[in-house]
Amino acid sequence: HAITVVILIASALVGIQTYPSLDGKKGLAVLDAIVLYIFTAECVIKLVACGYKPWEYIWYKGSIMFWNVFDFLVVVVCYLPLGAGMVTVIRLFRLLRVLKLVKALPELQASLENGIY
């Protein structure tokens, strides 16, 4: 579950970057870029795995693949040259990837379904 670790790192980065004194640090920017490249590679690998049916990345067996669409849009938007105000919005969207962990971690999913926190 390497991607789970990357999601946690990305979430921590989003939190750290909300502090004005830490935002813009070179080390954080490099780590942020590495995380973006990993998420980009994940999208590309999933698309390549679809072979001659790339639409299956979005639509598979009669249902939409929400997390694939969401991840793809977040990755694409991260590469767009946007103003400083939009960067905060993108960071918040990236933070929503944490919700993916509910799917990846069955214990967390069971706890949320039962209302036990």
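Predicted model: local features only at pLDDT ≥ 70, side-chain atom pairs only at ≥ 80, totals over all residues.
Colleague: How many helices and strands does the protein have?

Modeller: Elements here are DSSP runs numbered from the N terminus: helices are H or I with at least four residues, strands are E with at least two. The protein comes to six helices and two strands, and from the N terminus on the order is α-α-β-β-α-α-α-α.

Colleague: Which residues of H2 are buried?

Modeller: Buried means under 20% relative accessible area, exposed means over 50%, and partly exposed is in between (1.4 Å probe, protein chains only). In H2 the buried residues are Leu28, Asp32, Val35, Leu36, Phe39, Thr40, Glu42 and Cys43. For H1 the buried list reads Thr4, Val6, Ile7, Ala10, Ser11, Leu13 and Val14. Over the 117 residues of the protein, buried ones make up 26%.

Colleague: At what angle do H1 and H2 pack, and how far apart are their axes?

Modeller: Axes are lines fitted to C-alpha atoms, for helices over the stretch in contact, and the angle runs from 0 to 180 degrees between N-to-C directions. H1 (residues 2–16) and H2 pack at about 140°, with axes 10 Å apart. As for the hand, you call a crossing left-handed if the near helix is turned anticlockwise from the far one by less than a right angle, and right-handed if clockwise; the crossing of H1 and H2 is left-handed.

Colleague: Which residues of H1 and H2 meet?

Modeller: Contact means heavy atoms within 4.5 Å. On the H1 side you have Ile3, Val6, Ile7, Ile9, Ala10, Leu13 and Ile16, and they meet Leu28, Leu31, Asp32, Val35, Ile38, Phe39 and Glu42 of H2. These divide into twelve nonpolar, no polar and two charged. The classes: Ala, Val, Leu, Ile, Met, Phe, Trp, Tyr, Cys and Pro are nonpolar, Asp, Glu, Lys and Arg are charged, and the others, Gly among them, are polar.

Colleague: Which residues form the largest nonpolar core?

Modeller: Such a core is a set of buried Ala, Val, Leu, Ile, Met, Phe, Trp, Tyr and Cys residues joined through side-chain atoms within 4.5 Å. The largest has twelve residues: Val6, Ile7, Ala10, Leu13, Leu28, Val35, Leu36, Phe39, Cys43, Cys50, Tyr57 and Val75. Leaving out residues up to four places away in sequence, Phe39 touches Ile3, Val6, Ile7, Ala10, Val75 and Arg97.

Colleague: Is aspartate 32 buried or exposed?

Modeller: Aspartate 32 is in H2, and it counts as buried because its relative accessible area is 18%. Beyond four places in sequence, it touches Leu13, Gln17 and Arg94.

Colleague: Where is tyrosine 57, and what does it touch?

Modeller: Tyrosine 57 is in the loop between H2 and S1, and it is buried at 4% relative accessible area. Not counting residues up to four places away, it touches Cys43, Lys46, Leu47, Cys50, Met65, Asn68 and Phe72.

Colleague: What is the phi of lysine 61?

Modeller: Most residues other than glycine have a negative phi. Lysine 61 has a positive one, near 50°. It lies in the loop between strands S1 (59–60) and S2 (63–64), and it counts as exposed, at 72% relative accessibility.

Notes: Residues numbered from 1 in each chain as written. Heavy atoms only, no water.
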